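Here is a walk through a single chain, stop by stop. Keep the viewer open and click along.

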Amino acid sequence: MALGAFSVSLAVKDIAKSRAFYEALGFEKFHGDQAQGWLIMANGDAKIGLFQGMFEGNILTFNPGWDQNAQPVEGFEDVREIQKKLKAAGIVLSSEADEATTGPASATCIDPDGNAVLIDQHV
């Protein structure tokens, strides 16, 4: 199963302080709008999303159809196919992509330790 680009989405209390912290670790702004409460920070291929006031816990995020630079890739595994495989493996989904659609969609499950895993397709 090819899940696509990986990043960690962090629910932060103070996006300015979090940005400064991750910049000290060598991360730079890759995408986002701090005034809207979200930034994607990059250090090489490592990506960290900083989100203030958007969700409660941290999220492991996979983006089918994107490379680590958020660029579309050819021949990727669609989120709906990934969703079918997860269900067949006995994974319970907390949100699902509509299998009657195509294009951007997402599905979410929770790992055994309570961490959200988001399969978020943008293409």
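How many salt bridges does the count come to? The answer is six, and some of them get a closer look below. Keep in mind throughout that this is a predicted model.

## Charged pairs around Lys87

Start with Lys87, which has two partners. Its side chain forms a salt bridge with that of Glu96, at 2.7 Å from N to O, and another with that of Glu99, at 4.0 Å. The Lys87–Glu99 pair links distant parts of the chain: Lys87 sits in helix α2, while Glu99 is in the loop between β6 (93-95) and β7, twelve residues apart. Put together, Lys87, Glu96 and Glu99 make a network of salt bridges. As background, oppositely charged side chains can pair when their charged atoms come close.

Are these residues buried, exposed or partly exposed? Lys87 is partly exposed, because its relative accessibility is 37%, and buried would need under 20%, exposed over 50%. Glu96, with 43%, is partly exposed too, and so is Glu99, with 40%.

## Another pair: Lys85 and Glu77

Lys85 and Glu77 also meet through their side chains, in a salt bridge of 2.5 Å, N to O.

## Arg80, a buried arginine

Where does Arg80 sit? Its place is in helix α2, which covers residues 79-88. Arg80 has a relative accessibility of 5%, so it counts as buried, given that the limit is 20%.

What does the Arg80 side chain meet? One of its polar atoms lies 2.9 Å from the backbone oxygen of Gly103. Beyond its neighbours within four places in sequence, Arg80 is in contact with a run of residues including Thr101, Thr102, Gly103, Pro104 and Ala105. Ala97, Asp98, Glu99 and Gln121 are also among its contacts.

Gln83 is found in helix α2, and with a relative accessibility of 0% it counts as buried. Once the neighbours within four places in sequence are set aside, its contacts are Leu93, Glu96, Ala97, Glu99 and Ala107. How far is Gln83 from Gly103? The two are 20 residues apart in sequence, and their C-alpha atoms are 14 Å apart in space.

## The nonpolar cores

Which residues build the largest nonpolar core? There are eleven: Phe62, Val79, Ile82, Leu86, Leu93, Ala97, Ala105, Ala107, Cys109, Val117 and Ile119. Helix α2, strand β7 (105-110) and strand β8 each supply at least two of the residues in this core. Apart from it lies another core, of nine residues, with Val12, Ile15, Phe27 and Met41 among them.

Zoom in on Leu86, one of the residues of the largest core. Not counting residues up to four places away in sequence, Leu86 touches Met1, Ile91 and Leu93.

## Thr108 on strand β7

Thr108 belongs to strand β7. It has a relative accessible area of 16%, which means it is buried. The side chain of Thr108 is joined to that of Ser95 by a polar contact of 2.9 Å. Outside the four places on either side in sequence, Thr108 is in contact with Leu93, Ser94 and Ser95, and also with Ala116, Val117 and Leu118.

Which residues make the nonpolar surface patch of about 180 Å²? The answer is Val73, Phe76 and Val123. Val123 has its place in the segment after β8 (116-121). With a relative accessible area of 30%, Val123 is partly exposed.

Finish at Ala70, in the loop between β5 (59-63) and α2. Ala70 is not a glycine, yet its phi is positive, about 60 degrees. For comparison, most residues other than glycine have a negative phi. Ala70 is partly exposed, since its relative accessible area is 25%.

Terms used
Residues numbered from 1 in each chain as written. Predicted model: local features only at pLDDT ≥ 70, side-chain atom pairs only at ≥ 80, totals over all residues. Heavy atoms only, no water. Helix = DSSP H or I, 4+ residues; strand = E, 2+ residues; numbered from the N terminus. Buried < 20%, exposed > 50% of the residue type's maximum accessible area, 1.4 Å probe, protein only. Polar contact = N/O pair within 3.5 Å; in protein donor to acceptor, adjacent residues only side chain to side chain. Contact = heavy atoms within 4.5 Å. Patch = residues over 30% accessible without salt bridge, like charges linked within 9 Å, V, L, I, M, F, W, Y side chains within 5 Å. Areas by Shrake-Rupley, 256 points an atom, 1.4 Å probe, with all protein chains shown as cover. Core = buried A, V, L, I, M, F, W, Y, C linked by side-chain atoms within 4.5 Å.
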